[in-house]
Amino acid sequence: PTDAQLTLIDAATTGTIIYSEGGGGGDDHITGTTAQVIETLESKSSDYTGNITITDAPNVTQLKTINAATTGDITLGVTNGALSGTAADLVLAFAGNVTTHTGAVTITNADYTVAQLKAINNATTGAITLSTTNTALTGTAADLVLAFAGTVTEHTGNVTITNADYT
């Protein structure tokens, strides 16, 4: 069935829909708006393994929900949508294999880590704004370089380099 057909079936029942391709070749590719993709994923009875194309710009919560529901690739049809959320939520939104995001990203929490900044910076080429710029950070010189590799708001907090072989 198509995504539109699955959406209609899902709207018409409160029972569990068991989705089977019938050919034994794995899950079909889901394409649609964020709302359509989430609704289609909710109609599946188990973890989805197919690829997904989102035709509009999801928010962090929506992308996190979609990412948690599939092990397949996620293609963002709109890569430049602004995203805002905690560092932990942004990392989960970008987990897996997601098209490189190009829009602005705002990290709203004050307790972000070097590992989170590194993961977020790896997932986007857009400017990253730190709502709180004075968070103390600790990590290796290499990890700190990757955490700030893109365009990141000026960080004003203390930085501790944990390795002795930095350059």
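**Helices that cross**

Helices α3 and α4 pass each other in a left-handed crossing (the near helix is turned anticlockwise from the far one by less than a right angle; clockwise would be right-handed). What you see is a predicted model, in which local features need pLDDT of at least 70 and side-chain atom pairs pLDDT 80 or more, while totals for chains, interfaces and linings use all residues. Residues are numbered from 1 along each chain as its sequence is written, and side-chain values use heavy atoms, without hydrogens and water.

Let us step back for the whole picture. The protein contains 6 helices and 8 strands (DSSP runs, H or I of at least four residues for helices and E of at least two for strands, numbered from the N terminus). Starting at the N terminus, you can follow them in the order α-β-α-β-α-β-β-α-β-α-β-β-α-β. Of the 167 residues, 37% are buried (under 20% relative accessible area; exposed is over 50% and partly exposed in between, with a 1.4 Å probe and protein chains only). Among contacts (heavy atoms within 4.5 Å) between residues at least 6 apart in sequence, 38% join residues at least 24 apart.

Now back to our opening pair. How do the axes of α3 and α4 lie? They come within 7 Å and cross at roughly 45° (each axis is a line fitted to C-alpha atoms over the stretch in contact, with angles from 0 to 180 degrees between N-to-C directions). Because of that angle, α3 is oblique to α4 (under 35 degrees is roughly parallel, over 145 roughly antiparallel, 65 to 115 roughly perpendicular, and the rest oblique). On the α3 side, Val-60, Leu-63, Lys-64 and Asn-67 take part, and they meet Asp-89, Leu-90, Leu-92, Ala-93 and Phe-94 of α4. This contact of α3 with α4 has 6 nonpolar residues, 1 polar and 2 charged (Ala, Val, Leu, Ile, Met, Phe, Trp, Tyr, Cys and Pro count as nonpolar, Asp, Glu, Lys and Arg as charged, and the others, Gly among them, as polar).

Helix α3 (residues 60-68) has another partner to look for, helix α2 (residues 34-42): their axes come within 10 Å and cross at roughly 35°. The crossing of α2 and α3 is left-handed. Here Thr-34, Val-37, Ile-38 and Leu-41 from α2 touch Gln-62, Thr-65 and Ile-66 from α3. Sorted by type, the residues of this contact of α2 with α3 are 4 nonpolar, 3 polar and no charged.

Helix α4 (residues 87-94) also packs against helix α5 (residues 114-123), at an angle of about 45° and with the axes 9 Å apart. That angle is why α4 counts as oblique to α5. The crossing of α4 with α5 is left-handed. Between α4 and α5, the contact residues comprise 8 nonpolar, 1 polar and no charged.

Which residues of α5 are buried? They are Val-114, Gln-116, Leu-117, Ile-120, Asn-121 and Ala-123. The cover over the buried residues of α5 includes α4, the strands β5 (105-107), β6 (128-130) and β7 (137-139), and helix α6 (141-147).

Zoom in on Leu-117, which sits in helix α5. With a relative accessible area of 1%, Leu-117 is buried. Leaving aside residues up to four places away in sequence, Leu-117 touches Ile-107, Tyr-112, Leu-130, Leu-137, Ala-147 and Phe-148. Take Phe-148: although 31 residues separate it from Leu-117 along the chain, their C-alpha atoms are 7.4 Å apart.
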